Amino acid sequence: MKQQYDYLIVGSGLFGAVFAHEATKRGKKCLVIDKRKHAGGNVYCNEIEGINVHAYGAHIFHTNDVEIWNYVNSFVEFNRYTNAPVADYKGELFNLPFNMNTFYQLWKVKTPAEAKEKIKSQIDQLKISEPANLEEQALSLVGKDIYEKLIKEYTEKQWGRPAKELPAFIIKRLPVRFTYDNNYFNDRYQGIPIGGYNKLTEGLLQDIEIRLNVDYFEKRDEWDEIAEYTVFTGHIDKFYNNRFGTLEYRSLRFEHELKDEENFQGNAVVNYTAAEVPYTRIIEHKHFEFGTQPKTVVTREYPEEWTLGKESYYPINDHKNNRIYKEYKVLADAETKVLFGGRLAEYKYYDMHQIIGSALKKVRDHFKDQ
């Protein structure tokens, strides 16, 4: 087959969409293919009753990088949404991240000095000098009360195994804030695209040919011939026929529900930290955009073991999987006509601002510009 495009981009998520946009700006002809029935990857929103439902879980944009903030705002204006999740533990409500509101709710302490002393006394009683697992790591950082009500069971639901069997490195630090500030992120810029994330990906992919419901692997030889370069954002292990082994992930299952009421929980994100509740959180999507619709849509998020065929959400970057990935990366680095990028191709968890930054860097390096 004669080459018809400069770039074939496999995957229309943020990495692929940014690369396609930037390559097109440089006069290159791009074709984007995606095996899903929609473009936009995991930031895709499904509109229900006028509400933009985050189809693959809550996406809240935040960054300290003014270049990336201006970049996304050049495609769609972002609103002033600030993430301030609430945790429900057996009917008790706590503000997140851990801050003076949380400490008052736990112990009725009102000053930072009182809260610091409470946490320090609990940590000192445990006498953990070298944490051997996630449980000991968390206890050594925040003490018994915060760990048992807000971390232990939630983490065990997320990972599907006891905290004592999880490595300590999963929790490197636990932010503890001694102010009455419920803003989850410390970043300077934060918000949700007005009109939903589809506005962002539609802007990035404007005037670029997209073919949906297309699985690259079903006609790989034909796709490889259609363009000079391939930008691959899918599973890197599958790209190399799993020759070094299969990389593992955690998966998620979402249950969306349309409710005939205006306001279900009063907040976009409520985490459920007790083991007796099978899901980890409920998202009420209209609050991301301050919606006033007469109905509402909520989503319950269930962590799941990942098996082939399920959506791959969180890379399990333990020693075994990182060793396998390094073998694939050696092959990827030697490719001259294939560029790899994104969460699945780099086997790395990315926030949205990070994936956009990664794509822009890949563009600069590839096209030798700044």
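In the predicted model, the charged end of Lys 29 is positioned over the ring of Tyr 5, at 5.0 Å from the ring centre. A second contact of this kind involves Lys 116, whose charged end sits over the ring of Phe 178, 5.1 Å from its centre.

Contacts between aromatic rings were examined next. A pair of aromatic rings is described by the distance of the centres and the angle of the planes. The structure contains 31 aromatic pairs. One of them is formed by Tyr 216 and Phe 232, which adopt a tilted arrangement with 5.8 Å centre to centre and 55 degrees between the planes. Tyr 216 is located in the loop between strand E9 (209-211) and helix H8 (220-226), whereas Phe 232 belongs to strand E10 (residues 227-232), so the pair ties together parts that are 16 residues apart in sequence. Tyr 216 counts as buried, with a relative accessibility of 2%, and Phe 232 likewise counts as buried, at 1%.

An edge-to-face pair is formed by Phe 239 and Phe 340, with 5.1 Å centre to centre and 85 degrees between the planes. Because Phe 239 lies in helix H9 (residues 236-239) and Phe 340 in strand E16 (residues 338-340), this pair ties together parts that are 101 residues apart in sequence. Phe 239 counts as buried at 5% relative accessibility, as does Phe 340 at 7%.

Both pairs belong to one aromatic cluster, formed by Tyr 216, Phe 217, Phe 232, Phe 239, Tyr 240, Phe 244, Tyr 328 and Phe 340.

Methods. Residues numbered from 1 in each chain as written. Predicted model: local features only at pLDDT ≥ 70, side-chain atom pairs only at ≥ 80, totals over all residues. Heavy atoms only, no water. Phe/Tyr/Trp six-rings, centres within 6.5 Å; stacked < 30°, edge-to-face > 60°. Helix = DSSP H or I, 4+ residues; strand = E, 2+ residues; numbered from the N terminus. Buried < 20%, exposed > 50% of the residue type's maximum accessible area, 1.4 Å probe, protein only. Lys NZ or Arg CZ within 6 Å of the ring centre and 35° of its normal.
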